[in-house]
Amino acid sequence: MSAVKIIVNLLTAYAPLTTLTTTSRIVAGVIPQGTALPAVGITEVSGTDRNIPNQGATRHVKSRVQVTVLAANYPSQKVLIGYVRKACADQIGTIAGVSGVTVHTDSKGPDFNDPDAGFYMQSQDFMVGFNEAT
């Protein structure tokens, strides 16, 4: 959960993004049905950690986190996904109380839309490294 917590923290602290959507619509997990748009959902896709004998109090963990934006139109979708990348790319340090953090962009997903249902969607993956207590 720390990787998701880190990304949520970065996104909710990024003023250009929060001027387009409220922090209450930047959620860990799946965006609830009926949420007003635009909205952002953050989920963990996968994770690995190093198994080091006698490792001490922490170990370094890496997780792939997917950020999905939902918007009412295509131009808004593109602005949102751009802000997501700017908010999270190449971050290092202690974030959301978690130490040893590194965040790098990974793959970006395809455009997906359903104009009849009224949404436009795209995802951006991040590789998030951090120290986790053993």
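**Entry 1**

Is Ser 99 buried, partly exposed or exposed? I looked it up: Ser 99 has 33% relative accessibility, so it counts as partly exposed. For my own notes, buried means under 20% relative accessible area, exposed means over 50%, and partly exposed is in between, with a 1.4 Å probe and protein chains only.

Before going on, I noted that this is a predicted model, in which local features need pLDDT of at least 70 and side-chain atom pairs count only at pLDDT 80 or more, while totals for chains, interfaces and linings use all residues. Residues are numbered from 1 along each chain as its sequence is written, and side-chain values use heavy atoms, with hydrogens and water left out.

Back to Ser 99, which I found in strand β5. Setting aside neighbours within four places in sequence, I listed its contacts as Gly 93, Thr 94, Phe 130 and Asn 131; contact means heavy atoms within 4.5 Å. I also checked Ser 99 against His 60: they are 39 residues apart along the chain, and their C-alpha atoms are separated by 9.7 Å.

**Entry 1: the whole chain**

I counted three helices and seven strands. Read from the N terminus, the order is α-α-β-β-β-α-β-β-β-β. The radius of gyration is 16 Å, close to the 14 Å that the globule rule gives for 134 residues, so the chain is as compact as a globular protein of that length. The radius is taken over C-alpha atoms, and the rule is 2.2 Å times the number of residues to the power 0.38. Helices (H or I, at least four residues) and strands (E, at least two) are DSSP runs, numbered from the N terminus.

Along the principal axes, I noted a C-alpha trace spanning about 55 × 25 × 25 Å. Of the 134 residues, 34% count as buried. Among contacts with a separation of 6 or more, 61% come from residues 24 or more positions apart.

The accessible surface comes to about 7,000 Å², and carbon and sulfur atoms hold 52% of that. Those areas come from the Shrake-Rupley method with a 1.4 Å probe; for residues, only the protein chains shown count as cover.

I looked at charges too: the mean positions of the 10 positive and 9 negative ones are 7 Å apart. Lys and Arg count as positive and Asp and Glu as negative, with His and the chain ends not counted. Each charge is placed at NZ of Lys, CZ of Arg, CG of Asp or CD of Glu.

Most residues other than glycine have a negative phi, and most peptide bonds are trans. Which residues does a cis peptide bond join here? I found Leu 37 and Pro 38, with omega about 5°. Pro 38 sits in the loop between β1 (26–28) and β2 (39–49).

Asp 90 has a positive phi of about 55° without being a glycine. I placed Asp 90 in the loop between α3 (74–88) and β4 (91–95), and at 56% relative accessibility it counts as exposed. Ala 96, also not a glycine, has a positive phi near 55°. Ala 96 lies in the loop between β4 and β5 (98–108) and is partly exposed at 24% relative accessibility.

**Entry 2: aromatic pairs**

How many aromatic pairs does the structure hold? I found two. Rings of Phe, Tyr and Trp (its six-membered ring) pair if their centres lie within 6.5 Å; planes under 30 degrees apart count as stacked, over 60 as edge-to-face and the rest as tilted.

Tyr 14 and Tyr 83 are edge-to-face, 6.1 Å centre to centre with 65° between the planes. Tyr 14 lies in the loop between α1 (2–12) and α2 (15–18) and Tyr 83 in helix α3, so this pair ties together parts 69 residues apart in sequence.

Phe 112 and Phe 119 form a tilted pair, 6.1 Å centre to centre with 35° between the planes. Phe 112 is partly exposed, at 44%.

**Entry 3: two last look-ups**

Asp 125, in strand β7 (residues 119–133), is buried at 9% relative accessibility. Not counting residues up to four places away in sequence, Asp 125 touches Arg 64, Val 65, Gln 66, His 104, Thr 105, Asp 106 and Ser 107.

Asn 73 lies in the loop between β3 (58–71) and α3, and is partly exposed at 32%. Its C-alpha is separated by 7.7 Å from that of Gly 118, 45 residues apart along the chain.
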